[in-house]
Amino acid sequence: MIADLTVQGAQMLVVLLLAPLLTGLVRKIKARMLRRAGPPVIQPYRDLVRLMRKEVVLADTASWLFRVIPYFIFAATWVAASLIPTFRTGLLFSWSADLIAIIALLGSARFALALAGLDVGTSFGGIGSSREVMIASLAEPAMIMIVFTLALTVGSTQLSTMAGYMASPAVGLRVSLALALVALIMVAIAENARIPVDNPATHLELTMVHEAMVLEYSGRHLALIELSAALKLLLYVSLIACLFAPWGMAAPGAGMGALAVGTLAYLGKIAAGGFLLALLETSIAKMRVFRVPEFLGAALMLGLLATLLLFVSRSL
Amino acid sequence: MTLLAPTVVILVCTALLLVLAVMAVALGRIRIGTSVIYSMCFALALVCLLCGLNQLLGGTSADSVALPLGLPWIGARFRMDALSAFFVVVVDLGAAAASLFAMGYGAHERAPLRVLPFYPAFLAGMNLVVLADDAFSFLLAWEFMSLSSWALVMAHHRVPDNVSAGYVYLVMASFGTLTLLLTFGLLAGPVGDYAFAAIRAGHLSPTLAALVLCLAVVGTGSKAGIVPLHVWLPLAHPAAPSHVSALMSGVMTKVAISGFVRIVFDLIGEPAWWWSIVVLTLAGITCVMGVLYALMQHDLKRLLAYHTVENIGIIFIALGIALAFKAYGMAWAAALAFTAGLLHVFNHSLFKSLLFFGAGAVLNSTGERDMEHLGGLIHRMPQTAFVFLIGCAAISALPPLNGFVSEWLIFQAILLSPQLPSWGLKFLVPAVGALLALSATLAAACFVKAFGVTFLGRARSAAASAARETDPFSRAAMFAFAALCLIAGILPGFFIDALAPIAQALAGDRMPAQIGVEWLSIVPIAQSRSSYNGLLVFLFMVISGALAASAIHRLASDKLRRGPAWDCGYPDASPVTQYTASSFAQPIRRVFGSVIFRARETVEMPPPAAPQPARLTVVLHDPVWEAFYAPVAIGVGLAADRLNHLQFLTIRQFLSLVFAALVILLLVLALWP
């Protein structure tokens, strides 16, 4: 019990501390691919500390909700990220929310962020919120179809059970899983507001989605929102790693050696994930907003196809 | 039968409600009449609620009452089993809250005599429908409920839209009752014993049973609001005063569901496998169409009414899956889907009533239902905004609130679909699951719009900037339901266990007991398969949010300065530059609406330096109305034109017409086998 609690606590701290590192890593790799020096990998930490120490400038028209929402988003994202197995399966509280509930928690965070965009009553906030819910209205069903595919294969929506099954030889090679992986990557890109769906570095007004919603935030509120965004990116990388590359994860009750292997494997996985993301982002261009529905519609169809193919092909 | 039997108590309460309805004609004329009537309704609804709870949780066996009323050889039978007890709870919980709300809200009614007499009658009608134990009382109570609610829809009859809403409602309600009449006629068979016990004991041929199913879906579905029978609902529900809207949307549609469950799960007997295909297809279309219609609205109450259509679709999805599992003898899986459906019935009655109360409070303090004229109400009505936000999050199926729990259970039931032997269902159920997921996220989008445009931002009209917080009674009703939404979300195990007797009786099995599970989690099938703990998720979020807040405030900075909005350096002076409900929905309208509603946007751009403003016009088509109802309306009009000539015949022509009719009737009688 105590050991389990320690591991769960370690997990919460690990995701919280690693999240800005992953963001910094992606930025650094992207900069190097563009032949720029780029900021140091630890720059996001510095930004967060700087933002937290600054005073908040709040718009006159902002309500109490606007001030609560950053904490809510951070709490929801952090809880969701702590429930995804990273270096060890069978976390103490992993049964308190299965994969569907984790996705719904992220949905809660997005609901709150979209409201924050509308709170001050500016047109940029509105444009961001309205586009964000349009993107979500396609990305979330696609995600649920991916969950269906995995849950019907594994027979569970519990992430630990899923990771255990996916690591075992019973899983075999299936077309459905490949389609689900592709769909999951597409959804992850859209959910994290990355290129080609949205550009995290843009400040060109008409192309922003995520940045437009958080335009009015400053100081510690902005720091929490940035940290939540970093946590969400780490969450999706961890989720893909946990479901589709569950190698090296320590089993429940494993010794220190296995935990060390699990931690190293996890670090390797997120570094690889960050590298691939940076590679993708430097190699393609951002698409127009109204091309995004086609992109996500393709993800939704892939997810649906993956689910239906499960019944047709049992072992391929 | 004792005098304190719950059924007797509820029947006495309904009789008192009817007396109250008559008294209201006199009481409505004096000033305190409104609060007297509503507080009496509140007290009577509470008594009924306690009886229902006692019956549901006490696990006592069903008790029945036969009254010497109605047709002599039929009588009137009333019975409260677990299913009726559950629906009594849903009806009277909603009724109690609506009466409490109306104690404050009803004071603003300009023509109380048009509302007061019908309101208690409406409550009595709904209670009688769920308790009825023979077809005659059921239909009588059903029609009574329809007509009293029609009178309430017509309360503000000087508004032109309300008259047409009342007309459409009356036509659709009569149509629904007609199909239910045929349903019960077929169920009772040629013997004609209309008691439910006799119907249950009887046996129907498969063809007749299929016919009964289709009639029952149409009859109860027209009242519940299944697409394409929903057309009256978004017109009629918003037209009524808001507490009645809450009852119609939150409760009366559930009474229709109780009728469906009663007929299809209880009276018909064993279902055939393909029945679920009919139900699931209609339900999937209903939930997605309902939410898409809702997204296109900018009238707050109409938006909520369309969401009722969506949620009815979700409930029917669960019931359809339960029907599929029941047909294949997988009682444990049927119990899961069935319980999920009933839980959603309960949950939806909570948050939909709450949202209509909130819309009523907004309507009362601003006089506006159109979201395009609202905005910024969170500053003027902070408490209403807070509870409305909880309702919005609950209906959008966001954890840790209650809407998520029932949808999560439905997803768990959907994930059992590979075990169904039929290939059609194997494909259909996950596809319906995709529709359910789509409707859930679209609902979240829609409620970002509803809450954001109404309560956030800056006021778009003088009425909105002068709004005032609503009265204490209304707030009490709303806070009670918001608290119930949270409790049902974080402690769902108790609610699931309370539904076990119904699932046991009608689905053949019950879900595993949830109360004994450690940490109050819910585990629908097995721990290794899936589990959810709303309480822990809620606690974790509270703790981590509070931790972050206190750490940052203590270690970093807690300074705050107010200033003008930044908005990329171009702060817009006028509130009309904000996003409106229509502009918020524009991306979704482009993605989904261009196919389904054939949405067309035209921009009239005046030439440079011309003084007239640019204009954007959006044209939307209602596919259901144009495909199903417009042809019927045109046909009726044409037929009426033709028949009109019959009024202008000579006396000889009239006489020969009568003679011909007589001959034809005699011929029919002679040739009838």
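In chain B, helix α3 (residues 82-105) and helix α10 (residues 242-267) have axes that come within 9 Å and cross at roughly 175 degrees. Helices here are DSSP runs of H or I with at least four residues, strands are runs of E with at least two, and both are numbered from the N terminus. Axes are lines fitted to C-alpha atoms, for helices over the stretch in contact, and angles run from 0 to 180 degrees between N-to-C directions. α3(B) and α10(B) are therefore roughly antiparallel to each other (under 35 degrees counts as roughly parallel, over 145 as roughly antiparallel, 65 to 115 as roughly perpendicular and the rest as oblique). The α3(B) side of the contact includes Leu83(B), Phe87(B), Val90(B) and Tyr105(B), and the α10(B) side includes His243(B), Leu247(B), Lys254(B) and Arg262(B); contact requires C-beta atoms, placed from the backbone, within 7 Å. The residues of this contact comprise 14 nonpolar, five polar and two charged. Ala, Val, Leu, Ile, Met, Phe, Trp, Tyr, Cys and Pro count as nonpolar, Asp, Glu, Lys and Arg as charged, and the others, Gly among them, as polar.

The model is predicted; local features need pLDDT of at least 70 and side-chain atom pairs count only at pLDDT 80 or more, whereas totals for chains, interfaces and linings use all residues. Residues are numbered from 1 along each chain as its sequence is written, and chains are lettered from A and ligands numbered from 1 in the order in which they are written.

Among the contact residues are Cys13(B), Leu16(B) and Leu20(B) of α1(B), and Met40(B), Cys41(B) and Leu44(B) of α2(B). By class, the contact of α1(B) with α2(B) has 17 nonpolar, three polar and no charged residues.

Helix α4 (residues 118-131) of chain B has 14 residues, which should span 20 Å at 1.5 Å a residue, and its end C-alpha atoms are 20 Å apart, which agrees. The expected span is 1.5 Å times one less than the number of residues. Of the 14 residues of α4(B), 14 are buried, so this helix is largely enclosed by the rest of the structure. A residue is buried if 20 or more other C-beta atoms lie within 10 Å of its own, exposed if 12 or fewer, and partly exposed in between, with C-beta atoms placed from the backbone.

Chain A contains 11 helices and one strand, in the order α-α-β-α-α-α-α-α-α-α-α-α. In chain A, 61% of the 316 residues count as buried.

Helix α7 (residues 175-191) of chain A reaches 24 Å from its first C-alpha to its last. Of its 17 residues, 12 are buried, so α7(A) is largely enclosed by the rest of the structure. The buried residues include Leu177(A), Met186(A) and Glu191(A), and their cover includes α5 (123-154), α9 (219-244) and α11 (292-312) of chain A. Ala193(A), which follows α7(A), has a positive phi, near 55 degrees.

Between the chains, 72 residues of chain B are in contact with 73 residues of chain A. The largest share of the chain B side, 14 residues, comes from α17(B). That side has 41 nonpolar, 22 polar and nine charged residues.

Terms used. Contact = placed C-beta atoms within 7 Å.
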